[in-house]
Amino acid sequence: MLLPKRRGWLAAAFLLSAVAQAQTFSREEVDFFETKIRPVLAAQCLGCHTSSRTSPAAHLALDSRAAILKGGDSGPAAVAGNPASSRIIQAVRYEGPQMPPSGKLPADQIALLEQWIARGLPWPVESTAAPLAAKPSAKLTTRWAWEPLHNATPPAVRNTPAAPTPMDRFIEAKLESANLQPAPPADRRTLLRRLSIDLIGLAPTYAEVRSFDNDHRPDAYERQVDRLLASPHFGERWGRHWMDLARYADSGTLGIRFPLAVAYRDWVIDAFNRDLPYDRFVTLQLAADQVDLRGRQQDLAALGFIALGNDLYRATELPDRVDDRIDVVSRGLLALTVSCARCHDHKYDPIPTRDYYSLYGVFANTQLLGFAKTVAPTSHDGIASWYEQRIALRAQSLDNYRRERLEAIRADYRQPAESDKYRKAAEEARQLPASRRDGYAREHNLSAYMLERWVLSLDDHSDPTAVPIEDFGYVMTEGDSNTTRELRKEYEQMVSDFAWRGSMARVTSVSDERTLRPAHVLIRGNLNDPGEETPPCFVSVLSGPNRDCFTHGSGRAELAKAILHGPIPIASRVLVNRVWQHLFGEGLIRSVSDFGRRGEDPTHPELLDYLATQYQNGGWSTKRLIRSIVLTAAYRRASNASPEALAADPENRLLSHMNRRRIDFESLRDSMLLCAGRIDTTMGGKPIALTTIPADPRRTIYAYIERERPLPLLKIFDVADAEQHTPARGMTIVPQQALFLMNSPFEQEISSSLDTSIGNSPDFVNDLFRRTLQRDPDPDERKLIAGIAGRATRAPAPIGDSQWRYGSLSFDLSSGRVRDFREFRYFTGTTWQTASMLPDAKEGMASLTATGGSPGDGLDNAVSRRWIAPRDMTVRITSTLMQRRNQFAQRFSWTNGVRGSLVSSRSGMVGQWLVNGPVKEAKIVEQDESKSEANVESLVVKAGDILDFVVDSRDDPELDAFTWNIKVEDVTGTQTWDSVRDFKGPATRGLTSRARAAQVLLMSNEFAFLD
């Protein structure tokens, strides 16, 4: 039956409203809203658009999903699933109404809002009609994770041979209660492969497998365990696990490098290798600057755990920076989702908002990403002295700029018209509650920070314009923000370059603020709407009845003590569960970073507490913990499940057999390098690039990680997302992985290297199996691989040869001669360079692109685009050498230009040209350029003659990027060689048939999986 039109419309509206109210979203979608969207709404929108106001601006409330869908005077604020048609997006893009009126949101926040709407406006179910800031809940919740350790005694079992260790007895008791039999032990090859990849991230060699097979001593397996635990590669393997938790990256916002991320990475690796007790390991990462370092100043590098997080530069973005630290500490060390309490009490766990802001006070009073701290003596000679001087100049430039601009801003606020405006506004605003002042400032286009200073000055008669230098970020302009960011970027780049070139004398450190400020609950997360004061204290649910607050500085050292030695031993539970996860593929609690009510319960709670007790009593030794686990019968079992186990326990919660696991990307790549004889096991130092040709042979843990623009390769293979704490990696099996392995230059390079390294072996197939799979082939496998390997005998001809060569050389300026030409080894796809990532330790920034490049340090590391004459002829050369300088290079005279020289192997120096650095006192423009026409009308060459187009740094290798487009033309007009058009990567060869056979084994499941 059809309803009348009016009633039908009302019914439809009612149904849509009901759907909007009842719609539920997945946990991941709600987490996305809570961590990414709610803080933006609270900070930017709810000062004016909240249902708690008598009359929200434009009658629009944004504090519930229903209110957003309902909208205000202009209609619905958002259309679920359609960002382009949503008024919220139009407003924040400034396409019509411009919101927020105080300034356009950063592009990343707009993108998050678009993503949220595209997902359908996910929102917690119980919050659909409730405001964002709820009153703290009074209910208390008990849960096993927030109780003291239980006295777990290993139970008695019937099948004692299956339970040779106390840990096995906990597992066997569960199996017996389910009437399940454990799987038999794995064969020795499988077991050693499992153990080697788990402990050091590298597959064993065939010789190691044979040695283990032939070792009949009763402690043969224990000997293998101890050998691997003592390997320096142990720290590289387990350090990578920790870096996932610590959201490690080498660059942050806008791709700007962290100045000394490598120092933190190397510290973590070293800490695992020397088995630093976990309680000390955590304490140093939270408070190395506040505890006795016992003579190890290099331990200050541990503070990268705090410093390498969210690195937004604006002072107004402090809440986001602090939230990042709270999240990584609470989830990483406590398995608590404390960040969910940023705008309201936690929806599921007993974590009130005031607990969040108690921790907020700890990290808000910690100076982050300050200038690098020197922890060791540095050389005063050569390149080291040059870097130290430049680093000091960069730091001084930034400090001078901030002080000069702050004085100018103070003067502006002291102008009579400005003073009168703020005084009148302050007299009105002081009558408003603090929660309304931020909205008032927005409506009147005032600085909320300055308005608050004026309000305070009405009572204490202080000078509201005497803004301290520490608060410069609250009053700086958009231009100031951009300039300070660029100046800091230049400083951090210089510090980073120095570290990459071998000097680890500096580390990124943190310290307490000079003036400690009390923290307050920020109503709806709004920085300008403080509520009750919250002293720095530990999370209440883990504090026991006698909750002590922190009294020394920011409280970070006391926070570490509370985490590790408080009444609730959650830190040890969390860590032993993480270790179990890495050895079995799943933790005893599968939600490894969430022990709260939304997390899972442990499958073996008594075993978990037994492990945690043993860990603490054993001096927090992680190596001892790992050793005890890998010696269990449970770890040594085969991965073949019985039909009964598959039926009764399909997810293997009871651990009747070992889980079959795909090895992670790092182990996959490193094992390929190892079996091909290519791996470089040099530890520490500068990062490497993963996509160069040829491949950098260093281990994958040293790969350069970009937080905002991760390599698609890393995403395909489930490498941790560096933007956030990653408790566990996904282990997907998708076609893109196989396609990459089939077509990637890396895989083909490794396959060719395997072929070459085996050489003229009398049994190629046997050697190939031993290299890749650590075993001999069976007859069918031998026949298959031999058939592939024998299809051809010759490799295809190389493709892509050229008259141009690219490299560095030594240039004798006085004689005009060159020597020691060194062809660049690596090609990035756009650049030829001497190392996979620059700067190189020896040659600095030496590199060449299609249009230009950068010289190295001095005349011994000049760069040359070398042209080789194919025949006798007379040539004409036309070219332009040019250098562009940004406004900072101009203003601070950061470059003295470069010198270009044309040198003939037959006749010596042909010509020389300079492009000079910025002229002091000259007008500063956004982009300045200096260029020189580098032309030669006629030059006779013979076949094989070499023309070197050399560029050197003029003894100052700072910001020396240049362009030099060159054309070499036969004067008869028959042929032209163009440096831009002819620019190529390395000549490529196809795979031989033997290399294709190697590729088949490298792509096999047996290579890519444990068991």
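At a relative accessibility of 31%, Arg27 is partly exposed, a class between buried (under 20% relative accessible area) and exposed (over 50%), with a 1.4 Å probe and protein chains only. The model is predicted: local features need pLDDT of at least 70, side-chain atom pairs count only at pLDDT 80 or more, and totals for chains, interfaces and linings use all residues. Residues are numbered from 1 along each chain as its sequence is written, and side-chain values use heavy atoms, with hydrogens and water left out.

| Residue | Location |
|---|---|
| Arg27 | helix α2 (residues 27-44) |
| Arg669 | helix α27 (residues 665-675) |
| Asp721 | loop between α28 (712-716) and α29 (735-743) |

Leaving aside neighbours within four places in sequence, Arg27 is in contact (heavy atoms within 4.5 Å) with Asp594 and Arg598. Its C-alpha atom is separated by 8.9 Å from that of Pro124, 97 residues apart along the chain.

Beyond neighbours within four places in sequence, the contacts of Arg669 include Ile688, Leu690 and Phe746.

Asp721 is partly exposed, with a relative accessible area of 32%.

In helix α9 (residues 220-229), the buried residues are Ala220, Tyr221, Gln224, Val225, Leu228 and Leu229. These buried residues pack against α7 (188-200), α8 (206-213), α10 (233-245) and α25 (622-630).

Note on methods:
Helices (H or I, at least four residues) and strands (E, at least two) are DSSP runs, numbered from the N terminus.
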